[in-house]
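Here is a briefing on the structure shown below.

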There are 2 protein chains.
Amino acid sequence: MEDFEYENGFTQDLDSETLFIVSQTFKALGDPTRIRILNLLFNKECSVNEIVETLDIRQSTVSHQLRFLKNLRLVKFRREGTTLYYSHDDEHVMLILKQMIDHACHN
Amino acid sequence: MEDFEYENGFTQDLDSETLFIVSQTFKALGDPTRIRILNLLFNKECSVNEIVETLDIRQSTVSHQLRFLKNLRLVKFRREGTTLYYSHDDEHVMLILKQMIDHACHN
DNA sequence: TTGTTATATGCTAATATGTTCATATAATGA
DNA sequence: TCATTATATGAACATATTAGCATATAACAA
């Protein structure tokens, strides 16, 4: 009787793969530093240094978090010389982030 | 020049209060156990024991996580004798959860 | 009151997470 | 080649998180 599929597409419990992806993604959004980085990348792409200077976060911290976000395919980058320009890579997740920010602001 | 307000309502950086609420809420959604509980509460209210039995999670764990979710006002409960029936208490966050689950499934 | 069922709580151990420092790599220009 | 700028990485540390056990509380029935 477990995992009974409802008409509306919902299940009583989620399969482990979905659960993993969902929790990983929300976890990515659950850290202030990563939220600030993604929020900055909302409108424009940024070099690592731009992020470091705009948000006043140490370079290694930014780099670590960008790797984290890149592993989840939430950001991507392009190279120009020695400079890497990062931008967001998941419209849907960015939309979800925007919704949550709006939700938080309206309180 | 920091915290410049854009036409579209976005700021270069978020104020700390918003940042706190957003990260707290995403953190709540970033744990598999809490996701499973909220997903179960999507359609119907559940007693603690129903959650325990349906999801096969220990009672103390469920209780701890329900307290966590209640502190963030993501769930509420009503009492009936010795039984507490929990239900979700934030439509918007539930919608965001649904979106992320759908997003994860479509991959 | 005592027992029973349902739920909450305090504590602890294991694990995960985030930041920092120091250093490595990579591209480029002199 | 060497120096410089931009970024990444590894290790260490502090802190946060999670689950589980044991026990407490709360409501109710006998």
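A polar contact here is a pair of N or O atoms within 3.5 Å; within protein, one atom must be able to donate a hydrogen and the other to accept it. By that rule, 7 residue pairs are in polar contact across the interface of chain B and chain A, both residues at pLDDT 80 or more. The model is predicted.

**Interface of chain B and chain A**

- Four helices of chain B each supply at least two residues of the side that touches chain A: H1 (16-29), H2 (32-40), H3 (48-55) and H5 (91-105).
- H5(B) gives the largest share of that side, with 11 residues.
- By class, the side of chain B that touches chain A holds 20 nonpolar, 13 polar and 7 charged residues.
- In the contact count, 40 residues of chain B meet 40 residues of chain A.
- The size of an interface is often given as the accessible area lost when the parts come together.
- For chain B and chain A the buried area is about 3,900 Å², and 68% of it is on carbon and sulfur atoms.
- The rule also finds 2 salt bridges across this interface.
- One salt bridge joins the side chains of Asp13(A) and Arg36(B), at 2.7 Å from N to O.

**Surface near DNA strand C**

- DNA strand C is surrounded by 24 residues.
- The closest are Thr33(A), Arg34(A), Gln65(A), Ser63(B) and Tyr86(B).
- Which class do the residues near DNA strand C belong to: nonpolar, polar or charged? They divide into 3 nonpolar, 15 polar and 6 charged.
- Sugar or phosphate accounts for 67% of the atoms of DNA strand C within 4 Å of the protein, and bases for the rest.
- The side chain of Arg34(A) has an N or O atom 2.8 Å from a phosphate oxygen of DNA strand C.
- At Gln59(B), a side-chain N or O atom lies 2.8 Å from a base nitrogen of DNA strand C.
- Elements that give two or more residues to this surface are H2 (32-40) and H4 (59-71) of chain A, together with H3, H4 (59-71) and strand S3 (83-88) of chain B.
- H4(B) gives the most, with 5 residues.

**Arg73 in both chains**

- Most residues other than glycine have a negative phi.
- Arg73(A) has a positive phi of about 60°, although it is not a glycine.
- Arg73(A) sits in the loop between H4 and strand S2 (75-80) of chain A.
- Is Arg73(A) buried or exposed? Arg73(A) counts as exposed because its relative accessible area is 63%, above the 50% cut-off.
- In chain B, phi of Arg73(B) is near 60°, again a positive value in a residue other than glycine.
- Arg73(B) lies in the loop between H4 and strand S2 (75-80) of chain B.
- Arg73(B) is exposed, with a relative accessible area of 63%.

**Fold of chain A**

- Chain A has 5 helices and 3 strands.
- Along the sequence, the pattern of chain A is α-α-β-α-α-β-β-α.
- Of the 107 residues in chain A, 49% are buried.
- Among contacts in chain A with a separation of 6 or more, 46% join residues 24 or more positions apart.

Technical notes
Residues are numbered from 1 along each chain as its sequence is written. Chains are lettered from A and ligands numbered from 1 in the order in which they are written. This is a predicted model: local features need pLDDT of at least 70, side-chain atom pairs count only at pLDDT 80 or more; totals for chains, interfaces and linings use all residues. Side-chain values use heavy atoms; hydrogens and water are left out. Contact means heavy atoms within 4.5 Å. Buried area is the accessible area (1.4 Å probe) that two parts lose on being put together, summed over both. A salt bridge is a side-chain nitrogen of Lys or Arg within 4 Å of a carboxyl oxygen of Asp or Glu. Ala, Val, Leu, Ile, Met, Phe, Trp, Tyr, Cys and Pro count as nonpolar, Asp, Glu, Lys and Arg as charged, and the others, Gly among them, as polar. A residue is near a molecule or strand if one of its heavy atoms lies within 4 Å of it. Buried means under 20% relative accessible area, exposed over 50%, partly exposed in between (1.4 Å probe, protein chains only).
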